[in-house]
Amino acid sequence: MAVTSLSSSAATWQFQNNHELVLPIHIHEISVRRIEAQSTIVLYINLTMECQRPVFATPDTSHLSPQDFDLVYEPAEDSFLLLDALESEYFSLRKLRPTICVEVGCGSGICITFLASMFGPGACYICTDINPTAAKVAAQTADQNKVLIHPIVCDLTDAINDQLRGKVDILVFNPPYVVTPSNEVGNGGIEASWAGGEKGREVIDRFLPHAVQLLSLQGILYLVIIKENRSDEIEDKMRQFGLHMTTVKNRRAGKENLYVLKFTRVT
């Protein structure tokens, strides 16, 4: 094959069967050398091929009203940071060939809908929420975006712990992480979407042992936290369970320092 055209961003290869392949590139080095025997100037180009990551649209929530968000957590900076993190992980997640994806605390459903848009109908998409209205709204969001999800009303993962033990390939949780009095935690209303109790960790700490049991051998957990949740303590806890932690994304939003943590089994 031969390069038939070249720009600063793409190169076209011509094959013997006249088929063409256009790929994005970065040009790292260009040098010109003279081959004396042929009196020909040859252009040597060191090309680095770059497979461009697809860009996925933020799920459409135009079907939801302000009244809906009086009862269900409205997507905010933490939600969008989580979507950005998942999109940035697209290639590594695609290699998993995920079959079961679960979101805990789905709220409006934009995250599980986003996952379903990324990987299509080849996987099963399940989401849970303690708030029955959130489960209903999440189903509406999936319908609005023409994907299929399965909402379940339960506390954290109570309804799936046994059936999905060791089977979840992608597990996502944007938990209630705000530091609050303990009596505000888990009351089933809108407060359940943000009230995290002492250190903002009461719900997170209840969830983590279940997450470890749910993950498949190749499974990945993505968890949203803020600085006050003490990522070092979470890392120590998960290390005891045999999981390795990295930070995928972080962002400052107002007074909050947001992080998306990634957990994988130590191999």
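**Fold and packing of the predicted chain**

Of the 267 residues in the chain, 41% are buried, where buried denotes a relative accessible area under 20%, exposed over 50% and partly exposed in between, with a 1.4 Å probe and protein chains only. The model is predicted, so that local features need pLDDT of at least 70 and side-chain atom pairs count only at pLDDT 80 or more, while totals for chains, interfaces and linings use all residues. Residues are numbered from 1 along each chain as its sequence is written, and side-chain values use heavy atoms, with hydrogens and water left out.

The chain holds 6 helices and 11 strands; these are DSSP runs numbered from the N terminus, with helices (H or I) of at least four residues and strands (E) of at least two. Among contacts between residues at least 6 apart in sequence, 63% join residues at least 24 apart, a contact being heavy atoms within 4.5 Å.

An open sheet is formed by 7 strands with mixed pairing, in the order β7-β6-β5-β8-β9-β11-β10. Two strands are taken to pair if DSSP finds at least two bridges between them. At the edges lie β7 (150–153) and β10 (243–253), each of which pairs on one side only. On average, neighbouring strands of this sheet are turned by 15° against each other, direction ignored.

Within the sheet, strand β8 (168–173) is mostly covered, with 6 of its 6 residues buried. β5 and β8 run parallel and are joined by 4 bridges; Val102 has Leu171 in β8 as its bridge partner. β8 also runs parallel to β9, here with 5 bridges, and Val168 stands opposite Leu215 in β9. The pairing of β9 (residues 215–226) with β11 (residues 256–265) is antiparallel and extends over 7 bridges. Leu223 is placed opposite Leu261 in β11.

Helices pack on this sheet. Helix α6 (residues 231–240) touches β9, β10 and β11, and its direction makes about 160° with that of β10. Helix α4 (residues 132–144) lies across β6 (124–129) and β7, and runs at about 175° to β7. Such angles run from 0 to 180 degrees between N-to-C directions, and the axes are lines fitted to C-alpha atoms, for helices over the stretch in contact.

Helix α3 (residues 110–119) is mostly covered, as 9 of its 10 residues are buried. The buried residues are Ile110, Cys111, Ile112, Thr113, Phe114, Leu115, Ala116, Met118 and Phe119. They pack against α1 (77–88), α2 (90–96), β5 (100–104), β6, α4 and β8. After α3 comes Gly120, whose phi is positive, near 75°.

Two packed helices are described by the angle between their axes and the distance between the axes. For helix α5 (residues 202–214) and α6, the axes come within 11 Å and cross at roughly 30°. α5 is therefore roughly parallel to α6, since angles under 35 degrees count as roughly parallel, over 145 as roughly antiparallel, 65 to 115 as roughly perpendicular and the rest as oblique. In this contact, Ile204, Asp205, Leu208 and Val212 of α5 meet Ile234, Lys237 and Met238 of α6. By class, the contact has 5 nonpolar, no polar and 2 charged residues; Ala, Val, Leu, Ile, Met, Phe, Trp, Tyr, Cys and Pro count as nonpolar, Asp, Glu, Lys and Arg as charged, and the others, Gly among them, as polar.
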